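User: I would like to learn how to read a few features of a protein model. Please take them one at a time.

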Amino acid sequence: MTTDELNNYINALLNKSEEAYLMSIEIINKPTINYRTEGFCFFICNAWELLLKAYLINKAKDINVINYKDDSNRTIGLDECVEKVFTSTTDKTKNNISFIRNIRNKATHLILPEYDYILSPAFQRCLTNYNKFFKKHFTEYNLNEKVTPYIALVNPGNDKDVSSLILNPNNLLMLEKIKKELDSDESLSQTLRLVSTKKEAEADIKFTIVKDGGEQATIINVPKDIEKTHPYTTNDVVKKIKETLELSLGPNHGFTPNKFQDICKRKGIKNNQDYCYQFSYSKNTINKYSDITIEYVSQVYIDEYKSNKKCE
């Protein structure tokens, strides 16, 4: 096989991997489907397998690296790919893939209750790991051009409401086992923030404030726990922004602490308590940042990065 033929084969694997990845995101974010858990696991496992095969071929420059030695007509599966690429038994990406694979296997042979909202942190970690691995090893590939790689599920707040089936004792035992397994996984939390605006055109929800009470909405000012609303130091927030940018721009995004300070200055972030809370300590000022700072600064940098690329 020539170099061009090998590269074409690798690109075909990457294209199919991306399609499976996009399908996993699409199905997990469909609220009307009662097959989200199974569907996500099937597609993301397929996406990982194809991506790892592309990586192995690209590294060895030989298509036979993914074939069985005793049968060149058969290629290795996800488990073998994972073992070849992630050699450490404590690798968090490897452990996460194994966890998702186990859920997939259960769904293949059993009727699996819908635990998607409980599993969504591990699912989001899997998507994030996939993004990082893809962009690290295939920097020229324009991943995420069609989609934002995040899960948007709302927790119903009641474990007994998460299944379309009647939760029998076996299913309850399965639920407890899933929760126990999740405790050992590096999961991602998700935060929903509602912001009040006077510009009706920009609002998703309308409400009316009634001072004398009644059935309409009223705003109650509650003391804020700054350690929860603004948990990030400057170093923390820069690290989080870099992780976010890596998903959209790849590992060579070029974001630095100096560029963070530049955006803060230009956009007045440190003067807005939604983004930055300032503590006076002795003669110094300590800045603590909120979650929305990560989102806002990341988007500003992405827009400016893409604009500069077009001008080059």
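User: Is K61 buried or exposed?

Analyst: This is a predicted model, in which local features need pLDDT of at least 70, side-chain atom pairs count only at pLDDT 80 or more, and totals for chains, interfaces and linings use all residues. Residues are numbered from 1 along each chain as its sequence is written, and side-chain values use heavy atoms, with hydrogens and water left out. Buried means under 20% relative accessible area, exposed over 50%, and partly exposed in between (1.4 Å probe, protein chains only). K61 has a relative accessible area of 53%, so K61 is exposed.

User: Where is K61 placed?

Analyst: Helices (H or I, at least four residues) and strands (E, at least two) are DSSP runs, numbered from the N terminus. K61 sits in the loop between α2 and β1 (67-68), just after α2. The phi of K61 is positive, about 55°, although K61 is not a glycine.

User: How are α1 and α2 arranged relative to each other?

Analyst: Axes are lines fitted to C-alpha atoms, for helices over the stretch in contact, and angles run from 0 to 180 degrees between N-to-C directions. Angles under 35 degrees count as roughly parallel, over 145 as roughly antiparallel, 65 to 115 as roughly perpendicular and the rest as oblique. The axes of α1 (residues 3-28) and α2 (residues 36-60) cross at roughly 160° and come within 8 Å. The two helices, α1 and α2, are therefore roughly antiparallel.

User: How many residues of α2 are buried?

Analyst: The count is 19 of the 25 residues, so α2 is largely enclosed by the rest of the structure. For length, the expected span of a helix is 1.5 Å times one less than its number of residues. For α2 that span is 36 Å, and its end C-alpha atoms are 36 Å apart, which agrees.

User: What is the arrangement of α8 and α9?

Analyst: The axes of α8 (residues 234-249) and α9 (residues 257-267) come within 10 Å and cross at roughly 100°. That makes α8 roughly perpendicular to α9. Contact means heavy atoms within 4.5 Å; here T234, V237, V238 and I241 of α8 meet P257, F260 and Q261 of α9.

User: Which helix holds N96, and is N96 buried or exposed?

Analyst: N96 belongs to α4 (residues 92-109). With a relative accessible area of 0%, N96 is buried. The C-alpha atoms of N96 and F123 are separated by 8.7 Å, with the two residues 27 residues apart along the chain.
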